[in-house]
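Trainee: I would like to go through some labels and ask what stands behind each of them.

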Amino acid sequence: MAPPARPPALKHADQRSPLLHSPPIASSDDRQTAGPPVQVGVLGLGYWGPNLARNFDRLPETSLRWICDASDDARGRWGPHFPSARASADLDELLADPELDAVAVATHVPTHAPLARRVLEAGKHCFVEKPLAQSVAEAEDVAAAAATADRILMVGHLLEYHPGVEKLKQIADSGDLGDIHYVYGNRLNLGKLRADENALWSLGAHDVSVVLLLAGEEPVELRAFGESYMRPGVEDVVFCYLRFPSGLAAHLHLSWLDPHKERRLTVVGSRRMATFDDMELEGKVTVYDKGFDQDFTSFGEYIARSGDIWSPRVPNDEPLAIECRHFAECVRTGAQPRSGPESGVRVVRVLEALQESLDGNSQPG
């Protein structure tokens, strides 16, 4: 019996689905500040919250009004860094402040959805770190709360705001790489071990959001395999495979148990190939004039081609500053964020499907 026909390879921009296409985010060189700064509170002063607080404190578009954490030590440590912000252990104190416009949620992943919903139901705009939730049902519930409250909900898919990722998408959309055949990513490091989320949910949310951005469609086939070496039931290493309706394939290697620190994404096209390497100080995006050309003078054989290699200019703006600025702009104008509710739900939908595959492929203890 003949195998089923393979769908055609993903075409470039003018032939792709409009899903997930969005205009570029303004850089620090061309932004304009209009109106009073957006008053923001940051909830959670653990690993990532202080970085959000730093940006909301320094950007001209925003003013850091509150920092909030239940830990006395966290408030004592970070309070002196933000002397103009009030400190609290109670989210309700922030939500009761009529001058507060928005809350950024940077707490443990299991609390993202319930806390985001509390913020929205209190009439505040909400920025929530990735992932939006740990299930599609929770993610859709938060998205519905944002719609009901008529408030901005933005998910911290940071790489979507990285100038290097934006450049990679521009190159892919332009058709310069030809038809996109497949994408693969390595997000590897030694540590940080986590107890409340595995490598898929902790590391995979980044690369899933970028793959969806590049693909412009959602996958129809998802598989995941992983192993738990350091903590039972918490996968330290995960391998993911995604296949899209167009025929595009994607592979993700996610691990915090690896001797190498890598944050690299490679796009392979029919004409050229390109990489985004976030560990490079310069040349974060590299284009390779490599591929196969058909030689019709030699019975149509394919001949490998290895041409020039070049790195286009990528702005050096901090991705987190771009992301925070975009949130402030959306709060001020009412525009939907690039990584708004639909984006947040899509990423959780893919992660949930990969987790189901991971659970089904787990070896019995």
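This is a predicted model: local features need pLDDT of at least 70, side-chain atom pairs count only at pLDDT 80 or more; totals for chains, interfaces and linings use all residues.

Trainee: Why is Leu168 called buried?
Mentor: Its relative accessible area is 1%, and buried means under 20%, so Leu168 qualifies. Leu168 lies in helix α6 and touches residues including Leu214, Val267 and Phe276.

Trainee: What makes His206 buried?
Mentor: The cut-off is under 20%. His206 has a relative accessible area of 18%, therefore it is buried. His206 sits in helix α7, and its contacts beyond four places in sequence are Lys130, Leu159 and Arg187.

Trainee: How do you know that Arg117 forms a salt bridge with Glu121?
Mentor: The closest N and O atoms are 2.5 Å apart, and the criterion is within 4 Å. Both residues lie in helix α4, 4 residues apart, about one turn of the helix.

Trainee: Why is Glu121 called exposed, and why does Arg117 count as partly exposed?
Mentor: Exposed means over 50%; Glu121 has 53%, so it is exposed. Arg117 is at 32%, and values between the two cut-offs are called partly exposed.

Trainee: What makes the pair Asp289 and Arg305 a salt bridge?
Mentor: The N to O distance is 2.5 Å, to be set against the limit of 4 Å. The pair links distant parts of the chain, with Asp289 in strand β13 and Arg305 in strand β14, 16 residues apart. Salt bridges that share partners join Asp176, Arg272, Asp289 and Arg305 into one network.

Conventions:
Residues are numbered from 1 along each chain as its sequence is written. Side-chain values use heavy atoms; hydrogens and water are left out. Helices (H or I, at least four residues) and strands (E, at least two) are DSSP runs, numbered from the N terminus. Buried means under 20% relative accessible area, exposed over 50%, partly exposed in between (1.4 Å probe, protein chains only). Contact means heavy atoms within 4.5 Å. A salt bridge is a side-chain nitrogen of Lys or Arg within 4 Å of a carboxyl oxygen of Asp or Glu.
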